[in-house]
Amino acid sequence: MPALEAEATFGFDPYAVAADHLSPAAQSALGRLQDTLDRSIRPLLADAWETATMPGAVLDALIPLDLMQPRGVDASEAASSMFSGFRNYVLARTDVSVATLYNAQSGLFRTAVRLGGSAEQAARLDPLVRSFELRGVFALTEPEHGSDIAGGLATTAHRDGDEWVLDGRKKWIGGAAGSDVLVVFARDVDDEAVKAFLVPTGSPGVRLQPIGGKIALRPMQNALITLDDVRVGEESRLQNVDGWHDVSRILGAMRADVAWIAAGLQAGALDAAVRYVRERRQFDRPLGGFQLVQEKLARMLGNTVASLSMVAALSSAQDRGVFADVNSALAKLQTARLARETVALAREVAGGNGILLEHDVARFFADAEAVYSYEGTHEINALIVGRALTGTAAFT
């Protein structure tokens with residue numbers, strides 16, 4: 001039986017998944033990350049949630065760790081799906097907004113540049129992305145188009161000499177207010193192909209409006225972006241994006257990141273629940289000594305270990321060069337579904353205190369709802385899997 005180690009470096013990893021897949025140097029890098037999270041970031045989270053603000057101290061603490069290419073870690077391993085996955089797992093175990101903020105740069109923005117840019121663009125920009133000297137965000141989703149964005153993309157681009165003129169709106173763009181550039185996806189009015197552009201946030205015609213009133217990912221600053229006659233040069237177009245198939249290739253690579261986050265938030269919820277039931281006493285005995293409480297914890301552990309094993313298998317395949325939409329869709333679908341159950345069980349064992357920020361459970365409980373929907377809803381991922389199983393597309 002697995003030993004429950006509430007303060008284990010990688011959350012609840014009783015079957016040593018990290019040790020099986022990462023070098024000692026990579027594990028040490030993640031250990032340094034966990035130390036930083038515990039020492040410098042975790043104490044900020046309750047207030048960040050309450051005020052719906054992301055403290056600048058979060059990135060100030062994370063950037064010096066150089067997590068996209070840590071010291072002592074081979075460059076190929078640092079760039080692997082496995083290492084980036086475990087990085088998201090450790091971040092999400094502490095807080096999903098923190099993981100989402102870092103992944104906006106290390107996953108969404110970096111992947112768009114590396115896969116969407118030309119060889120010259122990728123070589124020039126990637127060092128700036130890794131160091132955070134150039135901060136960017138991924139601007140695809142629109143106010144009226146989420147799941148149907150492939151066919152419904154309404155933001156337009158038209159060529160005017162050596163420049164492109166962009167018009168449209170984007171919504172739910174996390175981290176936009178702190179970014180230097182937006183990766184804006186727009187439909188070319190001449191050939192109808194989807195293209196991508198690096199748009200400086202300070203460009204004339206760019207307007208960012210923060211989205212308030214959220215019940216999940218409260219510290220993460222999402223924006224509604226309006227683009228009104230915004231001009232960028234041809235050199236700002238990502239040269240390897242020339243249709244939805246290229247966007248899909250980028251999204252497929254990133255869907256694994258969200259599955260890892262879904263696994264990590266379960267580990268965080270389980271950590272918080274175990275801490276609570278060890279400390280809380282009812283009827284003159286520890287709450288953790290009640291049978292029904294232990295049954296819930298066992299289910300939470302089972303969900304977490306199953307999710308971690310699944311995303312590790314997905315990343316292992318990707319690192320062997322096997323990228324399949326059905327694999328990443330299934331992993332995101334399943335881990336996000338299990339996350340909902342895991343956080344609900346955590347909230348149950350904490351009782352009424354489970355809705356208080358001071359016990360951590362509440363953050364994971366609310367954030368699981370956002371993870372369930374972003375980067376591909378349950379339904380869309382289910383249809384991708386169903387198409388692979390039956391050979392028939394059921395999209396409408």
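**Figure 1. Trp-172 is partly exposed, at 46% relative accessibility.** Partly exposed lies between buried, under 20% relative accessible area, and exposed, over 50% (1.4 Å probe, protein chains only). The model shown is predicted: local features need pLDDT of at least 70, side-chain atom pairs count only at pLDDT 80 or more, and totals for chains, interfaces and linings use all residues. Residues are numbered from 1 along each chain as its sequence is written, and side-chain values use heavy atoms, without hydrogens and water. Trp-172 belongs to strand 3; helices (H or I, at least four residues) and strands (E, at least two) are DSSP runs numbered from the N terminus. Most residues other than glycine have a negative phi. Trp-172 is not a glycine, yet its phi is positive, about 70°.

**Figure 2. Phe-132 lies in the loop between helix 8 (119–131) and strand 1.** The phi of this residue is near 70°, a positive value in a residue other than glycine. Phe-132 is buried, because its relative accessible area is 9%. Phe-132 is also one of the residues that line the largest cavity, which is the subject of the next view.

**Figure 3. The structure holds one cavity of 30 Å³ or more.** A cavity is a set of points, on a 1 Å grid over the protein atoms alone, where a 1.4 Å probe fits but cannot get out; a pocket is an open set with protein on both sides within 12 Å along at least five of seven lines, and lining residues have an atom within 4 Å of a point. The largest cavity contains about 70 Å³ of space, where volume is the space filled by probe spheres set on the points, joined across faces, edges and corners. Among its lining residues are Leu-59, Leu-101, Arg-135, Val-137 and Ser-179. Helix 7 (96–116) and strand 1 (136–139) each supply at least two lining residues, and the largest share, three residues, comes from helix 7. The lining comprises five nonpolar residues, five polar and one charged. Here Ala, Val, Leu, Ile, Met, Phe, Trp, Tyr, Cys and Pro count as nonpolar, Asp, Glu, Lys and Arg as charged, and the others, Gly among them, as polar.

**Figure 4. The largest pocket holds about 1,300 Å³ of space.** It is lined by 49 residues, of which Thr-141, Ser-373, Tyr-374, Glu-375 and Gly-376 are the closest to its centre. Elements that each supply at least two lining residues include strand 1, strand 3 (163–174), helix 13 (361–373) and helix 14 (378–390). Helix 10 gives the most, nine residues. By type, the lining divides into 24 nonpolar, 14 polar and eleven charged residues.

**Figure 5. The second largest pocket has a volume of about 490 Å³.** Of its 24 lining residues, the closest to its centre are Ala-79, Thr-111, Arg-114, Ala-253 and Phe-323. Helix 7 gives the most to this lining, with seven residues. Helix 6 (81–94) and helix 12 are among the elements that each supply at least two residues. In this lining, seven residues are nonpolar, ten polar and seven charged.

**Figure 6. Helix 6 is mostly covered, with 14 of its 14 residues buried.** From its first C-alpha to its last, helix 6 reaches 20 Å, close to the 20 Å expected at 1.5 Å a residue; the expected span is 1.5 Å times one less than the number of residues.

**Figure 7. The largest nonpolar core has 75 residues.** A nonpolar core is a set of buried Ala, Val, Leu, Ile, Met, Phe, Trp, Tyr and Cys residues joined through side-chain atoms within 4.5 Å. Leu-33, Leu-62 and Phe-86 have the most contacts inside the largest core. Its largest share, 16 residues, comes from helix 10 (residues 244–279). A second, separate core of 24 residues includes Leu-134, Phe-138, Ile-149 and Ile-250. Leaving aside residues up to four places away in sequence, Phe-86 touches Val-17, Ala-18, Leu-22, Leu-30, Trp-260 and Leu-308, contact being heavy atoms within 4.5 Å.

**Figure 8. Thr-342 is placed in helix 12 (residues 325–349).** Thr-342 counts as buried because its relative accessibility is 0%. Beyond its neighbours within four places in sequence, Thr-342 is in contact with Gln-266, Met-300, Asn-303 and Thr-304. Helix 12 has 25 residues and spans 36 Å from its first C-alpha to its last, close to the 36 Å expected. Just after helix 12, Gly-351 takes a positive phi of about 60°.

**Figure 9. Pro-64 lies in the loop between helix 4 (56–62) and helix 5 (75–78).** Pro-64 is exposed, since its relative accessible area is 62%. The C-alpha atoms of Pro-64 and Ser-131 are separated by 8.6 Å, although these residues are 67 residues apart along the chain.
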